[in-house]
Amino acid sequence: MAVPPGRAEGASGTDVRRQVLGLDGLRGLAALYVVLFHCWLYTFPGYPDSSAPPWLDGLMFGRLAVVFFLVLSGFSLAISPARHGWGSGGVGQFLRRRAWRILPPYWAALVMSLIISSFVVPASRFGPPTGSSVLVYGLLGQDMVTAPTPNGAFWSIGVEAELYLLFPLLLFVRRRWGAAVMVACVALPVIARGLMAADASPVEGANWLAPHLAPVFVAGVAGAGIVVASDRVRRLPWGWFAVLAAVPVLAVGVVRGSVWTVNHYFWVDLAVAPAMTMLIAAIATGRPAVLVRLLTARPVRSLGSFSYSLYLIHLPIVLAVIRRVAPHFVSRGLPTFWFTLAVALPVSVLGAWLFARIFELPFKGNRSWKSMIALCRSRGTGGGARGLRRT
């Protein structure tokens with residue numbers, strides 16, 4: 001998944017200063033969970049019937065973290081349109097802004113991943129990446145075309161790119177017919193497809209996940225209406241609503257078991273999206289205050305500021321540590337897991353911070369090559385203290 005950027009951007013590409021506190025913190029914690037999930041996943045074989053100790057089963061739901069990213073992405077992108085009557089403001093402008101924000105760090109991470117997966121440790125059971133991998137992943141076509149992956153986390157970037165193309169149409173439907181119609185237009189066909197599958201349990205492959213995951217993105221778009229809702233609506237206990245919506249999903253997961261849950265992600269994703277949306281709505285209204293304070297604490301907020309970079313580059317580092325470094329120092333199983341946490345986790349976080357400084361933040365903080373060049377020149381002449389307008 002792409003981890004959504006730190007400031008809301010509307011369909012017109014118009015950025016708004018971050019006024020919804022806590023969203024960066026949510027991104028950071030979700031990205032950190034994905035790192036822990038991959039440390040767990042590649043240490044213990046047999047997923048979803050993992051050989052890991054049962055007390056580590058809470059780390060096996062990395063897919064749900066990506067679902068959360070998609071809900072949060074829809075919410076963040078829709079904040080500005082919600083404040084401006086759900087207007088589109090220009091499809092081309094929106095797509096250009098998205099490409100400028102997302103593609104440079106993605107392409108840099110792709111180069112890094114290609115090098116590591118070609119010369120250090122393959123990222124795919126099909127072996128090192130090929131020329132088709134470069135083409136497919138370079139053009140963000142991985143959700144539509146199969147090729148040996150250079151980085152297993154990149155699947156969600158392709159999904160999100162497809163959802164960006166859908167976003168202006170969602171705004172049009174939301175503006176003309178309302179949130180309920182928007183959600184129904186996307187969710188009902190997906191639900192119908194699921195019900196028509198064998199045993200009403202669709203088998204997912206590595207491709208064409210965007211149509212399935214579109215409803216969770218749309219849930220986030222609908223939830224962004226909270227930023228312009230009346231005070232009476234904003235004061236509703238959205239946090240408790242989120243808990244109540246999540247309890248049935250959690251109860252089914254506990255009763256049926258983690259393996260069943262993973263094998264039925266098609267339905268679990270759809271069922272958990274409302275709870276995720278209401279949690280984000282609660283944060284957007286400043287409640288619960290203790291959670292907002294945690295999410296806005298400097299370390300969590302800082303982690304969120306480079307969470308996209310962390311998502312992009314962590315997996316090659318985790319794989320290299322588990323498969324190339326750890327065998328020289330520790331035995332398999334739990335020792336390797338602890339070793340990976342001690343080595344790969346801090347290297348991933350520090351590496352992502354540095355990566356973001358070079359490949360992400362300059363594009364996040366400037367809207368064009370012209371402004372980036374002007375900033376470099378101003379710094380060279382001692383005028384960098386004033387800086388340029390940030391996105």
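Visitor: How much space lies in the second largest pocket?
Guide: About 900 Å³. Keep in mind that this is a predicted model.

Visitor: Which residues lie nearest its centre?
Guide: Phe61, Leu64, Leu250, Val272 and Met276. The lining of the second largest pocket has 31 residues.

Visitor: And what classes does that lining have?
Guide: The lining of the second largest pocket has 25 nonpolar residues, 5 polar and 1 charged.

Visitor: Which helix gives the most to it?
Guide: H9 does, with 8 residues. H1, H2, H9 (238–256), H10, H11 and H12 (289–295) each supply at least two residues of that lining.

Visitor: What about the largest pocket, how much space is in there?
Guide: About 1300 Å³. Its lining has 40 residues, and the closest to the centre are Arg125, Gly152, Trp155, Gly205 and Ala206.

Visitor: Which helix leads there?
Guide: H1 gives the most to the lining of the largest pocket, with 5 residues. The helices that each supply at least two residues are H1 (23–43), H2 (62–83), H10 (258–263), H11 (265–284) and H14 (307–325).

Visitor: How many charged residues are in the lining of the largest pocket?
Guide: There are 4 charged residues, alongside 23 nonpolar and 13 polar ones.

Visitor: New topic, the backbone. Where is there a cis peptide bond?
Guide: One runs from tyrosine 47 to proline 48, with omega near 5°. Proline 48 sits in the loop between H1 and H2. Another cis bond joins arginine 287 and proline 288, where omega is about -5°.

Visitor: Where is proline 288, then?
Guide: In the loop between H11 and H12.

Visitor: Which residue has a positive phi although it is not a glycine?
Guide: Tryptophan 86 is one, with phi of about 60°. Tryptophan 86 lies in the loop between H2 and H3 (91–119). Alanine 200 also has a positive phi, near 55°, and is found in the loop between H6 (179–196) and H7 (210–223).

Visitor: Is tryptophan 86 buried or exposed?
Guide: Tryptophan 86 counts as buried, because its relative accessibility is 7% and buried means under 20%.

Terms used:
Residues are numbered from 1 along each chain as its sequence is written. This is a predicted model: local features need pLDDT of at least 70, side-chain atom pairs count only at pLDDT 80 or more; totals for chains, interfaces and linings use all residues. Side-chain values use heavy atoms; hydrogens and water are left out. On a 1 Å grid over the protein atoms alone, a cavity is a set of points where a 1.4 Å probe fits but cannot get out, and a pocket is an open set with protein on both sides within 12 Å along at least five of seven lines; lining residues have an atom within 4 Å of a point. Grid points are joined across faces, edges and corners, and a volume is the space filled by probe spheres set on the points. Helices (H or I, at least four residues) and strands (E, at least two) are DSSP runs, numbered from the N terminus. Ala, Val, Leu, Ile, Met, Phe, Trp, Tyr, Cys and Pro count as nonpolar, Asp, Glu, Lys and Arg as charged, and the others, Gly among them, as polar. Buried means under 20% relative accessible area, exposed over 50%, partly exposed in between (1.4 Å probe, protein chains only).
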